[in-house]
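Reader: I am new to protein models and would like to learn how to read one. Could you go through this one with me?

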Amino acid sequence: AAWEKRVRQSSTPKRPHGLSVLVTGAAGFVGSHCSIALRKRGDGVLGFDNFNDYYYPSLKRARQELLEKNQVFIVEGDLNDGPLLRKLFDVVPFTHVLHLAAQAGVRYAMKNPQSYISSNIAGLVNLLEVAKAANPQPAIVWASSSSVYGLNTENPFSEEHRTDQPASLYAATKKAGEEIAHTYNHIYGLSLTGLRFFTVYGPWGRPDMAYFFFTKAILHGKSIDIYRTQDNQEVARDFTYIDDIVKGCVGALDTAEKSTGSGGKKRGPAQLRVYNLGNTSPVPVGRLVSILEGLLGSKAKKHLIKMPRNGDVPYTHANVSLAYKDFGYKPTTDLAAGLRKFVKWYVGYYGIQPRVKRENSHADDSA
Ligand code: NAD
């Protein structure tokens, strides 16, 4: 009963016509930022996360504390737990789901391929099964990834470009997610909006991503690998600041049409959309490192190597005109300004916890 009360309180909007959103992956990087932004606006937000140990669990717990301060409660559970998800939908008539829970990272797939299948495919299907049977059926906005463009060399990437050359199992599961969304839209009239994020970075970010572990390495005098492509080009990423991504997620939620089905019965043509959310300005990884060196006041020990075939792609670059047209998405933070905010957070976070326990974290790059 106390649990149910917290679930209800957290997911009740505080403004007229506010949304009631289930945010999966709420203890994650993007999920924590989106949850706070929505709650501050007066929407009802219930978090959901399994707090897995892919990277520092302490960081997820610290984000959870921040969410609690912002009156967002996180229910601890797995996407594959159907009864628990159904119970949440029985208690709360969610108008929207922001589905961000996933096994992220491209390189870890070589160590633990099953976690991608379990969270990104089976978990997604389980969530859609519950959503389709819910009354009302929520509109769903979910995280796809720029990695679906894979080895495509047309750039900038536009939504209609081919996505049939995934370079990693991660990318393949994100692409599969888009196909699965298509079927749930087609059969059950679920409203589904996929967002292809491009290398998101910022405060409270993911320790497995390059900008984060480069910062750590530079501060500790450890060497870093900088990839060059087989034809000796610099690897580049369309690094996108978290606040821009949050605005994109909120814009997608606000413009999502209602589902046309209900209780898994009625069916009709609801919305199915996919958008790029990037920064539209790719930056070579060498430049990322020199910005960090400037901010940290210390030189990196750089080790230039040819890119191994580990799931990374050489280049990403978003065309975001579709997201601009439909919900005014316009990235406004350049890499130097965004990294300054990240470094400020990093120093503060680890400054107040100087003796960080050694915990499990896997090196990774984008995605
Ligand atoms: P993250 O790992 O910080 O957040 C994901 C959260 O989901 C984690 O807290 C994790 O504990 C939770 N989770 C994972 N599997 C779960 C399961 N089966 N059940 C319940 N919870 C589970 O990652 P992020 O960077 O915040 O990414 C959010 C979403 O955006 C993911 O879908 C990711 O694939 C996608 N994405 C991220 C980036 C990026 O650069 N950060 C780029 C492209 C796509």
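Author: We will go from the sheet to the helices, then to the ligand and some backbone details. This is a predicted model, where local features need pLDDT of at least 70 and side-chain atom pairs count only at pLDDT 80 or more, while totals for chains, interfaces and linings use all residues. Residues are numbered from 1 along each chain as its sequence is written.

Reader: What is the order of the strands in the open sheet?

Author: Helices (H or I, at least four residues) and strands (E, at least two) are DSSP runs, numbered from the N terminus. Two strands pair if DSSP finds at least two bridges between them. Here 7 strands form an open sheet in the order E3-E2-E1-E4-E5-E6-E11, with parallel pairing.

Reader: Which strands stand at the edges?

Author: Strand E3 (73-76) and strand E11 (272-277) do; each has a single partner strand, so one side of each is left without a neighbour in the sheet. On average, neighbouring strands of this sheet are turned by 20 degrees against each other, direction ignored. For angles like this, axes are lines fitted to C-alpha atoms, for helices over the stretch in contact, and angles run from 0 to 180 degrees between N-to-C directions.

Reader: How many bridges join E1 to E4?

Author: Strand E1 (residues 20-24) and strand E4 (residues 96-99) run parallel and are joined by 4 bridges. Look for Val21, which stands opposite His96 in E4.

Reader: Which strands does helix H8 touch?

Author: Two residues are in contact if their C-beta atoms, placed from the backbone, lie within 7 Å. Helix H8 (residues 242-254) packs on the sheet and touches E1, E4, E5, strand E6 (192-197) and E11. The direction of H8 makes about 165 degrees with that of E6.

Reader: At what angle do H4 and H5 cross?

Author: The axes of helix H4 (residues 82-91) and H5 cross at roughly 35 degrees and come within 10 Å. In their contact, Gly82, Leu85, Arg86 and Phe89 of H4 meet Asn126, Leu127 and Val130 of H5.

Reader: Now the ligand, please. Which residues come nearest?

Author: A residue is near a molecule or strand if its C-beta atom, placed from the backbone, lies within 6 Å of it. There are 29 residues around the ligand, and Gly25, Gly28, Phe29, Ala102 and Ala143 come nearest. Helix H2 (29-40), helix H5 (113-133) and strand E5 (139-145) each supply at least two residues of this shell. H2 gives the most, with 3 residues.

Reader: And the backbone: which peptide bond is cis, with omega near 5 degrees?

Author: Most residues other than glycine have a negative phi, and most peptide bonds are trans. The bond from Asn135 to Pro136 is cis, with omega near 5 degrees, and Pro136 is found in the loop between H5 and E5. Another cis peptide bond joins Asn155 and Pro156, with omega about 0 degrees. Pro156 lies in the loop between E5 and helix H6 (169-188).

Reader: What is the phi of His17?

Author: His17 has a positive phi of about 60 degrees although it is not a glycine. You can find His17 in the loop between helix H1 (2-11) and E1.
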